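Here is a short report on a single chain.

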Amino acid sequence: MKAAYINEFGGPEVVMFGDMPVPEPKDDEILVRNTIIGVGKPDYLVRSGNDPYLEDALPGLIIGNESGGVVEAVGPDVKEIKPGDKVAVLNATGCGSHAEYSCAKENYAIKLPNGVEPEMVPGILNLQVAYALLFDAGKGTDGESIYISGAAGGIGTTIIQMAKASGIKVVASASTDEKCEALAKLGADCVFNYKSKDAKEEVLKATNGKGADIIYDQTAGKKLIERFDYLADFGQIILYNWLDGSPEFDQLDTIIKRAPHAQAVRAFSFHVFDDKPARRLSNADKCFDMIRDGRVKPLICRDFPLEKAREAHELLDSGKAIGKIIMHP
Ligand SMILES: NC(=O)c1ccc[n+]([C@@H]2O[C@H](COP(=O)([O-])OP(=O)(O)OC[C@H]3O[C@@H](n4cnc5c(N)ncnc54)[C@H](OP(=O)(O)O)[C@@H]3O)[C@@H](O)[C@H]2O)c1
């Protein structure tokens, strides 16, 4: 089969394309003929050698974390999924999906219901993460408004649509005016370029001085402490990555001093569902409903043939992508 793989960790230049053996499903695995492949930040983490959940080894490591397709074969311990089923796969190992065929544990595949084709679920991980960020991690606040910075990626563009479909006011920012235009088109109520505008001023203005009930932060680092200034009472900062590293302040001390505002910080990883398959499936069902009835339409940035996986990774690393990058085998 054709596949994109790496022999060493590094930038997009390490992504190779060529022939690899079709993988054999283990007892608890399914073999999927992929018809669509998603490309996202988890793939960057694996490719660059920074994924703490990485289990497979170099050389000849097929990269890729998400795909959709048709089940070709199943191992003897697979219970619910059968050959011929259409599935979306989020590979827990973070590897294997940039290929014509890939294996995954049954728990990591989601059988697509009638009316949902693999083509309709690019970035299913984005949908599921966005849903969990909004409706699981986001519990316990007034829930009227959110602020998401760096919102033009796969997850950000999905959160905006889901939040708007749920009647939540959305404040969103990005690093370029072009990205900001795209966020406004998706329905965000207030959009600003965080390089040229002050986030505190913009968020307070958009929320009539109250602050956002939830602030989604993927950077953490030094800026985290400033976020409390435009977080509402009972508000919550939800960290879903920490691209700028740990904050250099005592977070608990800050939160205690701000007790009259009853604010909180939560760090979230989708891996919280690894041992909760029923909850993960219920999350998927809600996402499928939203796709089916058109409340959420994944924003596709570009569609590459699999043989151009290196170019897809170049676009991923460029920071210029707006929405989800996909590939077709
Ligand atoms: N917690 C979880 O379970 C979970 C699961 C999946 C993904 N994630 C994380 O969620 C984030 C978004 O994922 P995605 O797939 O939507 O990614 P993406 O499509 O690559 O988009 C990332 C966006 O983040 C912005 N950004 C802000 N600071 C950045 C930085 N220092 N480096 C790179 N980009 C930066 C970029 O826009 P601007 O340049 O406009 O800021 C970009 O549009 C990633 O950090 C990813 O690792 C978390």
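Which residues does Asp 244 touch, not counting residues up to four places away in sequence? Asp 244 touches Thr 219, Ala 220, Gly 221 and Lys 222. Contact here puts two C-beta atoms, placed from the backbone, within 7 Å.

The model is predicted: local features need pLDDT of at least 70, side-chain atom pairs count only at pLDDT 80 or more, and totals for chains, interfaces and linings use all residues. Residues are numbered from 1 along each chain as its sequence is written.

**The loop residue**

Asp 244 sits in the loop between strand S13 (231-239) and helix H7 (251-257). Helices (H or I, at least four residues) and strands (E, at least two) are DSSP runs, numbered from the N terminus. Asp 244 has 14 other C-beta atoms within 10 Å, so it is partly exposed. The scale calls a residue buried at 20 or more such atoms, exposed at 12 or fewer, and partly exposed in between, with C-beta atoms placed from the backbone. Lys 185 is 59 residues from Asp 244 along the chain, and their C-alpha atoms are separated by 29 Å.

**The chain**

The chain holds 9 helices and 16 strands. Its radius of gyration is 20 Å, close to the 20 Å from the globule rule for 329 residues, so the chain is as compact as a globular protein of that length. That radius is taken over C-alpha atoms, and the rule is 2.2 Å times the number of residues to the power 0.38.

| Property of the chain | Value |
|---|---|
| Box filled by C-alpha atoms, along the principal axes | roughly 60 × 40 × 35 Å |
| Buried residues | 46% of the 329 residues |
| Contacts between residues 24 or more positions apart | 68% of those with a separation of 6 or more |

H3 (residues 154-165) has 12 residues and reaches 17 Å from its first C-alpha to its last, close to the expected 16 Å. The expected span is 1.5 Å times one less than the number of residues. In H3, 10 of the 12 residues are buried. Among them are Ile 155, Ile 159 and Met 162. Just after H3, Gly 167 takes a positive phi of about 75°.

The axes of H2 (residues 124-135) and H3 come within 9 Å and cross at roughly 55°. That makes H2 oblique to H3. Axes are lines fitted to C-alpha atoms, for helices over the stretch in contact, with angles from 0 to 180 degrees between N-to-C directions. Angles under 35 degrees count as roughly parallel, over 145 as roughly antiparallel, 65 to 115 as roughly perpendicular and the rest as oblique.
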